[in-house]
Amino acid sequence: MLNLIRHRTLFFLGMGMGLLSTAHAEIRQTSVWWLPRNVTMFGHEIDFIFYVILILTGVTAVAVFSVMIYFIVKYRARPGVTAVHSHGNNTLEVIWTGIPVFIFLALAIYGNEQWTQMRLKTPPADALPVAVIGEQFGWNVRYPGADGKLAKMTASSVTKENPFGVDAADPAGLDDFTTYGELVFPVDRPIRLYLGSKDVIHAFYVPEFRLYQDMVPGRIYDFVWLKAEQTGQFQLACNQLCGQGHYKMFGKLSVVPQGEYETWAKGKAPQPTAAKETSTVPVVMADR
Ligand code: CUA
């Protein structure tokens, strides 16, 4: 009986792992065994500090375990050999405390400086503003029109019908356009994100961007910005367990040349109301 249960457990475990690995193979487009490729400006520093820490901890681990194994063998209990009592060595202790203190301080100062550049400095003035508001289970995305400005958004105004919490009276918002789960970023241009949530905590996460930011209801974060340096297709995946549909909270994200972005934006933009009567161009509705 126990054997049968064990077999059944193994069977289901195997099935689950098989399904997982299929899903995995579908999602990851770049390196499966190592870091996914980095396509953003800040990613270089993040990868650099990752490799520095990996090498430091790797070398330390190999050195510590080698010395430990050597000492275990060398000073093993043997008949006729008595233990020597040691009261320590002040010089050695200062050295092996001083070196790690120096390394940790250097890492903390470097990391803090990079974090300041990424999140605490005002994003560049020419950045393209893009608002992304998470909801169970998808992404509301808002782009500025020709004026390059998004409508004024307030977190307290976010409702089911008004996911961006926009001020309807703000003229800057008239030419804004929206998509659902579709993002297109021009390459080599800073993007300033406005991140929020309609309901529960979600997270904006693109591994190739080395970018992770929680999206908390009641707040709109305006300090996250990035610059993609390579074109490509990526997946925006929610990275906070936000409910039953969390696993399918994907967004399609492409980084394209500036010209291609402009063509795409033009195709999405709503036609101005005044021009509607005279224009022969069909009104293109925003994706939603
Ligand atoms: Cu949204 Cu998980």
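This is a predicted model: local features need pLDDT of at least 70, side-chain atom pairs count only at pLDDT 80 or more; totals for chains, interfaces and linings use all residues.

Colleague: Okay, which loop holds Asp-188?

Modeller: Look at the strands on either side of Asp-188. One is β4, covering 182-186, and the other is β5, covering 190-197. So with strands numbered from the N terminus, Asp-188 sits in the loop between β4 and β5.

Colleague: Does Asp-188 count as buried, exposed or partly exposed?

Modeller: Count the C-beta neighbours: Asp-188 has 14 inside 10 Å. Buried takes 20 or more and exposed means 12 or fewer. That count therefore makes Asp-188 partly exposed.

Colleague: And what about Arg-210, buried or exposed?

Modeller: Arg-210 is also in a loop, the one between β6 (202-206) and β7 (211-215). Its phi is positive, about 55 degrees, although Arg-210 is not a glycine. The cut-off for buried is 20 or more neighbours. Arg-210 has 21 C-beta neighbours inside 10 Å, so it counts as buried.

Colleague: Now the helices. How do α2 and α3 run relative to each other?

Modeller: Helix α2 spans residues 43-74 and helix α3 spans 90-120, and their axes come within 11 Å and cross at roughly 165 degrees. Angles over 145 count as roughly antiparallel. That's why α2 and α3 are roughly antiparallel.

Colleague: Which kinds of residue make up the contact of α2 with α3?

Modeller: From α2 come Glu-45, Ile-49, Ile-53 and Leu-56, while α3 brings Ile-103, Leu-107, Tyr-110, Gly-111 and Gln-114. Sort those residues by type and you get six nonpolar, two polar and one charged.

Colleague: Which strands stand at the edges of the open sheet?

Modeller: Five strands line up as β3-β2-β1-β5-β8, with mixed pairing. A strand with a single partner has one side left without a neighbour in the sheet, so the edges are β3 (177-180) and β8 (221-227).

Colleague: What is the bridge partner of Val-141 in β3?

Modeller: Strand β2 covers residues 138-143, and β2 and β3 pair in the antiparallel sense over four bridges. Within β3, the bridge partner of Val-141 is Thr-179.

Definitions and conventions
Residues are numbered from 1 along each chain as its sequence is written. Axes are lines fitted to C-alpha atoms, for helices over the stretch in contact, and angles run from 0 to 180 degrees between N-to-C directions. Helices (H or I, at least four residues) and strands (E, at least two) are DSSP runs, numbered from the N terminus. Angles under 35 degrees count as roughly parallel, over 145 as roughly antiparallel, 65 to 115 as roughly perpendicular and the rest as oblique. Two residues are in contact if their C-beta atoms, placed from the backbone, lie within 7 Å. Ala, Val, Leu, Ile, Met, Phe, Trp, Tyr, Cys and Pro count as nonpolar, Asp, Glu, Lys and Arg as charged, and the others, Gly among them, as polar. Two strands pair if DSSP finds at least two bridges between them.
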